[in-house]
Amino acid sequence: DGSVSHETVRQLMEGVWLADKDEGKGFRAKASKVEIVKRVGQKSVLDITLAEGRNRQVRRMLAKLGHKVR
């Protein structure tokens with residue numbers, strides 16, 4: 001949800017700090033590749049490639065930056 005800016009894409013590529021409940025500490029989650037496929041009104045479609053995917057990582061990364069994944 002929302003119009004994803006190029007600044008948000010940059011932040012996804014640099015990494016976002018997320019908490020790991022299993023280990024009790026945080027980790028930096030970052031995307032290898034992020035591409036804005038299309039924008040329609042207040043919705044954006046992204047193509048995101050991760051090197052390592054953890055539990056709901058994409059959803060959590062985007063939530064941290066203020067976007068809800070549907």
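Buried means under 20% relative accessible area. All views show a predicted model.

**View 1. Thr 8 in helix H1 of the predicted model.** Thr 8 lies in helix H1. With a relative accessible area of 8%, Thr 8 falls below the 20% cut-off and is therefore buried. Apart from neighbours within four places in sequence, Thr 8 is in contact with Leu 65 and His 67. His 67 is also touched by Val 4, when residues up to four places away in sequence are not counted.

**View 2. The buried face of helix H1.** Helix H1 spans residues 6-14, and Thr 8, Val 9 and Leu 12 are buried in it. Down the axis of H1, these buried residues fall within an arc of 100°, so they line one face of the helix. An α-helix has 3.6 residues a turn, so residues three or four places apart point the same way. The cover over the buried residues of H1 includes strand E3 (31-40) and helix H2 (57-64). Just after H1 comes Gly 15, with a positive phi of about 120°.

**View 3. The buried face of helix H2.** Gln 57, Met 61 and Leu 62 are buried in H2. Seen down the axis of H2, the buried residues fall within an arc of 125°, so they line one face of the helix. They pack against H1, E1, E2, E3 and E4. Gly 66 follows H2, and its phi is positive, near 90°.

**View 4. The largest nonpolar core.** Eleven residues make up this core: Val 4, Val 9, Leu 12, Val 16, Leu 18, Phe 27, Ala 29, Ala 31, Val 34, Met 61 and Leu 62. Two or more of them come from each of H1, strand E1 (16-20), strand E2 (25-29), E3 and H2. Val 4, one of the core residues, touches Val 9, Ile 36, Arg 39, Ser 44, Leu 46 and His 67, with residues up to four places away in sequence left out.

**View 5. The largest cavity.** The structure holds one cavity of 30 Å³ or more. The volume of the largest cavity is about 30 Å³. Its lining consists of Leu 12, Ala 31, Val 34, Ile 48, Leu 50, Val 58, Met 61 and Leu 62. E3, E4 and H2 each give two or more residues to this lining, and the largest share, three residues, comes from H2. By class, the lining has eight nonpolar residues, no polar and no charged ones.

**View 6. The largest pocket.** This pocket has a volume of about 280 Å³. It is lined by 14 residues, and those nearest its centre are Asp 1, Ser 44, Lys 68, Val 69 and Arg 70. Strand E4 (43-50) and H2 each supply at least two lining residues. E4 gives the most, with five residues. Seven of the lining residues are nonpolar, three are polar and four are charged. Ser 44, listed above among the residues nearest the centre, is also touched by Val 4.

**View 7. The second largest pocket.** About 190 Å³ of space lies in this pocket. The lining is made up of Ala 19, Asp 20, Lys 21, Asp 22, Phe 27, Arg 54, Asn 55, Arg 56 and Arg 60. By class, two of these are nonpolar, one is polar and six are charged.

View 8. Arg 54 is partly exposed, with a relative accessible area of 31%, whereas Arg 56 is exposed, with a relative accessible area of 52%. The C-alpha atoms of Arg 54 and Val 9 are separated by 19 Å, and the two residues are 45 residues apart along the chain. Arg 56 has a phi near 55°, a positive value in a residue other than glycine.

Technical notes:
Residues are numbered from 1 along each chain as its sequence is written. This is a predicted model: local features need pLDDT of at least 70, side-chain atom pairs count only at pLDDT 80 or more; totals for chains, interfaces and linings use all residues. Side-chain values use heavy atoms; hydrogens and water are left out. Buried means under 20% relative accessible area, exposed over 50%, partly exposed in between (1.4 Å probe, protein chains only). Helices (H or I, at least four residues) and strands (E, at least two) are DSSP runs, numbered from the N terminus. The arc is that of the directions from the helix axis to the C-beta atoms. Contact means heavy atoms within 4.5 Å. On a 1 Å grid over the protein atoms alone, a cavity is a set of points where a 1.4 Å probe fits but cannot get out, and a pocket is an open set with protein on both sides within 12 Å along at least five of seven lines; lining residues have an atom within 4 Å of a point. Grid points are joined across faces, edges and corners, and a volume is the space filled by probe spheres set on the points. Ala, Val, Leu, Ile, Met, Phe, Trp, Tyr, Cys and Pro count as nonpolar, Asp, Glu, Lys and Arg as charged, and the others, Gly among them, as polar. A nonpolar core is a set of buried Ala, Val, Leu, Ile, Met, Phe, Trp, Tyr and Cys residues joined through side-chain atoms within 4.5 Å.
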